[in-house]
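Please read it with the model open beside you.

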Amino acid sequence: MGSQGGFYQSKEFLDLVKSIGEARSKAEEDRIVLSEIETLKRRISEPDIPKRKMKEYILRLVYIEMLGHDASFGYIHAVKMTHDDSLLVKRTGYLAVTLFLNEDHDLIILIVNTIQKDLKSDNYLVVCAALNAVCKLINEETIPAVLPQVVELLGHPKEAVRKKAIMALHRFYQKSPSSVSHLISNFRKRLCDNDPGVMGATLCPLFDLIAQDVNSYKDLVISFVSILKQVAERRLSKAYDYHQMPAPFIQIKLLKILALLGSGDKQASETMYTVVGDIFKKCDSSSNIGNAVLYECICCVSSIYPNTKLLDSAADAISRFLKSDSHNLKYMGIDALGRLIKISPEIAEQHQLAVIDCLEDPDDTLKRKTFELLYKMTKSTNVEVIVDRMIGYMISINDNHYKTEIASRCVELAEQFAPSNQWFIQTMNKVFEHAGDLVNIKIAHNLMRLIAEGFGEDDDNADSKLRSSAVESYLHILGEPKLPSVFLQVICWVLGEYGTADGMFSASDVTGKLCDVAEAYSSNETVKAYAVTALMKIYAFEIAAGRKVDMLPECQSLMEELLASHSTDLQQRAYELQAVIGLDVHAVECIMPLDASCEDIEVDKGLSFLDGYIQEAIEKGAQPYIPESERSGLINMGNFRNQNHHESLHGLRFEAYELPKPAESAEPEPMYPRETYQTPVSPIPSNPSDAGSAELKLRLDGVQQKWGRPTYTPETSTSNSTSQKSVNGASAVNSTREAYASRKPQVEISHEKQKLAASLFGGTSKPEKRPATGHKVSKASSHMVEKSHVPNSSMEVAPEKAAPAQPPPDLLDLGEPTATSTAPSLDPFKQLEGLLDTTQDALAANSATTASRSPDVMALLYADTPIGIHNKDDADLLSGLSNPSVTNMAGATARPRLSQSSSKGSNPKDSLEKDALVRQMGVNPSSQNPNMFKDLLG
Amino acid sequence: MRHNPEEAQRHQKSESGIPAFEAPENPDFPFRLLSRMIHFVLLISRQGKVRLTKWYSPYSQKERTKVIRELGGVILSRGPKLCNFVDWRGFKVVYKRYASLYFCMCIDQDDNELEVLEIIHHFVEILDRYFGSVCELDLIFNFHKAYYILDELLLAGELQESSKKTVARLIAAQDSLVETAKEQASSISNIIAQATK
């Protein structure tokens, strides 16, 4: 009906669109647009342009801006257009400004006035247009200008206006919560609006509010539940049906809200169980929207206080998702699994093969989601396989954003669950090698600390083994070209500290490598500095050990270069190195003690070594230092001044001056003449200043404390695995029963996958799970038993075996695992059917009571406002909701319409007519994409 | 979707000082300001040409171009059987292809992707009803109408109306009002013309 309304633009505009459509390259398109911009610039500033023409110019501006060009020269004309009286013109103006301007644009101030006026208009369409603009353009500063009108519009007779006013108020709340905090009760009130559209829109702000402060909205649980129930029972107008589902978008929003309200609240959750269970049953899992609602149900179930029946339904839904051929559903299944395993960890095991298939899927999105799931289910038993997989994937991608994320996840998992030092070092090496420039520098510091301090156990032998394995791997890695800077810093530091400690490598080996580093990365001063300091340490250790130091020629040339370096830092390091080499054994031992990095640096806070000097000065007539706190008149402010004063003691300040404070003005006391400050004694306070020591210590304290194997990890891992076992024992009984029920012949699952599954899922429940299914599989399962009982130390082998062993053919047998896993889904249905009878009775009873009860409840909810109005509102809502005409007929009638539209979609006549019309307008369809004429829904 | 008061504060700060808002190098930046369901809507043709863009989070023109280029590259090169979701800078982009046109919406990580897929379909169905078996050309030449329809469907990045009928009724009301306004204008000018004769 609308298409005849189109094509009314001028020939010029159509030509523009057409020529851009036919442009063969981006450059050509840009040229056309630039000349269009020139034309528009000229035309738009002409005087007395007819409105109709102006409207077209503005649309042309929208068009060129949509193509990515700057149309800012015309913004002001769009703003002017909003002032127009005619709705036709005004609407275009509002459309253009909402597309052009962000809320911080200077021109907005020119629109606020118009918006104010339009919000008061008699014509609701004008008000709607203005409200659309309000949502996009009104910023924090201008909220007060329109707020009263928007609030007034909440009671507008037209539902479209009320809906938009609610959305606008929601935006205000998002932008500046304080500006509308007194109006929040309006959202509650609108929840009972008799128009479902307004009620649906109100759910958006309520969701936000509840997410912030759950407890203030617990009273609404009953209303939300009853609304959801009514929606699910098709009590809403048929217009809200979507693909035979009753108002699914509203259902989803309500489920999201219930998930928030029921989280960790048993009482609230219990009121939700029936309705959520109902929706589980009613969802049509063959349609996409049905699955969307199902997914939301799973999210809700995994968030609220757990209920076994609902968890079972959720698990069923997940297994249907995972077994589906659709990648979308698999993806949602993996996501839902990640949510549910928090509550029932055993559920992952049923789906292990499906998960592994997703992991090996060529679809990146699916793969990433699966990694997310694996990340959530990592334990000390499967950390090696998972991290190994993650690193493999990390190396293969180019997307820096995701690379950073996955790298930090690898590090996190490795720190939490590492089974051995060796493995940890190797893992970190890989992460640094491939994503070193992307990870947080803290991680590097943490690694150095670990190598220096070991695991905190008193086993020096293990520590030195860790160090030498690190040194060995680093010397090896240095051969690789182009290492990230952060990683090189770690390497240099470790080589400097421990390069020659175990005597496996000679000083000349290590120094040679360090010189190579400094040379190869000559543009990176930080790395160079690390290398020079490392050299100094190694030479110092050599001297201390009484060996003769022979500087390599390349090292000497490096020193010569650095002594003349432009960087003062490098220069200083080089001079220090030179000086250290010239010293004798005793002196070197004092400056560079072996393995000193772990020693705590003790700060002599009292600066006692200066005592003699001070004594001397006092004898010469200098005034003794009086701590600030003891100076008269300043006692009260002592604390206060200490806080902002210690920084100024350090000399140069680089920040701007602070605003003067009262304490500052009271500073100079007549009792202490200027000279006191100038004596050498005064700047050195004999009383310790806490701040100074804190600053000195910073280097040691800032480092992450996560690495704590002896305390944290073993506890969690053991408790995990025990709880795991007991639950698995329970689930295993189920699954064997299911396995008997399945009549499908078992297809052999590839060996590699099984191995991977065993190593990923721990395989604790495997032995019980598989035996009944057939000869081949039982063989495999016995293999898994072996696998799963292998002690940790030999698990190291598993990743190497499992990881590279994915021959491409495996990727193709996506269908295989479904055969094995279809079995479990059959049985739960039977179980559900059994339950159905009892629950249905209960439901019927429930629905009868809630219908009669809810008005009272609603009235109680809003007792603070006039009751009369509310009762009416509620009654309206209910009468609106309880529209009896909605029955299954809705589904029946909707179907033919849909098929109609699809047949209409493929109607060639329509397309031909359009084609002819376009030709008539002088636009020839470019032969390159005849698709343009294809109906989108066809 | 969660609203964070700290972020709101940061937002306040950046707004009071106007230049502070300029952070074109980091496209993630505007997202942190406000939480919402849909961050932007893009319609791209199979050839990578932009047919419609709607930004619900603030973006500079430069960032917009970058986003379109990046996403166009990712989405157009995806095979037909893969999922309709893509990870992108910590967000999700849900897309669906209709004939030669890709409809894309950018959402937060923890939103319901299937729901957004249906919002896209909902939009297409409304377009279809309005234009009468809509095709890409309809949107090319009537992009402003597509914008009006989108404005009735989504507001501030949230789904404002889930009833096709309501949206259609509103759009029809606007269209008819425009028509009557035109008629009235001409009739008034006729009256004036007659009166001044």
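**Notes on the model**

1. Start with a salt bridge in chain A. The side chains of A:Arg368 and A:Asp364 pair in a salt bridge, with 3.9 Å from N to O. This is a predicted model. A:Arg368 and A:Asp364 sit 4 residues apart in helix H20 (residues 364-376) of chain A, so about one helical turn separates them. A:Arg368 is buried, at a relative accessible area of 8%. A:Asp364 is partly exposed, at 30% relative accessibility.

2. A:Lys528 forms a salt bridge with A:Glu561, and the closest N and O atoms are 3.4 Å apart. A:Lys528 belongs to helix H28 (residues 525-544) of chain A and A:Glu561 to helix H29 (residues 553-563) of chain A, 33 residues apart. A:Lys528 counts as buried at 7% relative accessibility. A:Glu561 is partly exposed, with a relative accessible area of 45%.

3. How many salt bridges does the structure hold over all chains? The count is 42. One of them joins A:Arg162 to A:Asp193, with the closest N and O atoms 2.7 Å apart. This pair also links distant parts of the chain: A:Arg162 is in helix H9 (residues 159-175) of chain A, and A:Asp193 is in the loop between helix H10 (185-190) and H11 of chain A, 31 residues apart. Both A:Arg162 and A:Asp193 are buried. Elsewhere, a network of salt bridges links A:Glu12, A:Glu36, A:Arg43, A:Glu56 and A:Arg60.

4. Now a charged residue without a salt bridge. B:Arg64 is in helix H3 (residues 61-76) of chain B. B:Arg64 is buried, yet has no salt bridge. Which side chain of opposite charge is nearest to B:Arg64? It is A:Glu65, 4.0 Å away. A salt bridge needs the nitrogen within 4 Å of a carboxyl oxygen. B:Arg64 does touch A:Glu65, along with A:Leu99, A:Asn102, B:Trp55 and B:Tyr59, leaving aside residues up to four places away in sequence.

5. Look at the cavities. A search of the whole structure finds 11 cavities of 30 Å³ or more. The second largest cavity holds about 150 Å³ of space. Its lining has 16 residues, and A:Gly200, A:Phe249, A:Ile250, B:Leu159 and B:Ser162 lie nearest the centre. Helix H11 (196-212) and helix H13 (248-262) of chain A, and strand E7 (158-159) of chain B, each supply at least two residues of this lining. H11(A) gives the largest share, 5 residues.

6. Strand E7 of chain B also contains B:Glu158. B:Glu158 counts as buried, at 3% relative accessibility. B:Glu158 and B:Met37 are 121 residues apart along the chain, but their C-alpha atoms are separated by 5.7 Å.

7. Chain B as a whole has 7 helices and 7 strands. Along the sequence they follow the pattern α-α-β-β-α-β-β-β-α-α-α-β-β-α. Of the 197 residues in chain B, 65% are buried. Among chain B contacts between residues at least 6 apart in sequence, 51% join residues at least 24 apart.

8. Check two backbone angles. Most residues other than glycine have a negative phi. A:His243 has a positive phi of about 50 degrees although it is not a glycine. A:His243 is in the loop between helix H12 (221-232) and H13 of chain A. B:Ser133 also has a positive phi, near 40 degrees. B:Ser133 lies in the loop between helix H4 (113-131) and helix H5 (136-141) of chain B. B:Ser133 is buried, at 0% relative accessibility.

9. Why is H26(A) largely enclosed by the rest of the structure? Because 14 of its 14 residues are buried. A:Ala507 is in helix H27 (residues 507-520). A:Ala507 is buried, with a relative accessible area of 14%. A:Ala507 touches A:Thr500, A:Ile538 and A:Glu542, not counting residues up to four places away in sequence. A:Ala507 and A:Phe541 are 34 residues apart in sequence and 9.3 Å apart in space, C-alpha to C-alpha.

How values were computed. Residues are numbered from 1 along each chain as its sequence is written. Chains are lettered from A and ligands numbered from 1 in the order in which they are written. This is a predicted model: local features need pLDDT of at least 70, side-chain atom pairs count only at pLDDT 80 or more; totals for chains, interfaces and linings use all residues. Side-chain values use heavy atoms; hydrogens and water are left out. Buried means under 20% relative accessible area, exposed over 50%, partly exposed in between (1.4 Å probe, protein chains only). Lys and Arg count as positive and Asp and Glu as negative; His and the chain ends are not counted. Contact means heavy atoms within 4.5 Å. On a 1 Å grid over the protein atoms alone, a cavity is a set of points where a 1.4 Å probe fits but cannot get out, and a pocket is an open set with protein on both sides within 12 Å along at least five of seven lines; lining residues have an atom within 4 Å of a point. Grid points are joined across faces, edges and corners, and a volume is the space filled by probe spheres set on the points.
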